[in-house]
Amino acid sequence: MTTEPNHLEKIRERFTATAEVFAETARTMRVEEGERLAELATAGLARASEALVVDVACGPGTFTRPFAPAFAVPSAWI
């Protein structure tokens, strides 16, 4: 039983390290995709600056960040 917490801790450490690398890669490599998505989603949207965007997915906010300039996204969420 004493080895189980150590094993779980190793899994957490490895997952965290992998997640951090993924998040950085996703933010740098998917910027254009996110900006294009935000552009398409807001094209012709009346009162877009008054709309609220909520990211309910997991991840580093790859597609949510580009919406910030077009929508009313609280800065604490970015």
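**View 1. R12 and E9 are joined by a salt bridge between their side chains, with N and O 3.7 Å apart.** A salt bridge here is a side-chain nitrogen of Lys or Arg within 4 Å of a carboxyl oxygen of Asp or Glu. This is a predicted model, in which local features need pLDDT of at least 70 and side-chain atom pairs count only at pLDDT 80 or more, while totals for chains, interfaces and linings use all residues. Residues are numbered from 1 along each chain as its sequence is written, and side-chain values use heavy atoms, leaving out hydrogens and water. R12 and E9 lie 3 residues apart in helix α1 (residues 3-29), so about one helical turn separates them. Helices are DSSP runs of H or I with at least four residues, numbered from the N terminus.

**View 2. R36 and E39 form a salt bridge in which the closest N and O atoms are 2.7 Å apart.** The structure holds 2 salt bridges. R36 and E39 are 3 residues apart in helix α2 (residues 31-42), and therefore about one helical turn apart. Relative accessibility is 44% for R36, which is partly exposed, and 47% for E39, also partly exposed. Buried means under 20% relative accessible area, exposed over 50%, and partly exposed in between (1.4 Å probe, protein chains only).

**View 3. G34, A38 and T42 are the buried residues shown in α2.** They lie on the same side of α2, because their arc around the axis is only 55°, taken from the directions from the helix axis to the C-beta atoms. Exposed residues E32 and L40 sit on the face turned away from the buried side of α2.

Terms used
Helices (H or I, at least four residues) and strands (E, at least two) are DSSP runs, numbered from the N terminus.
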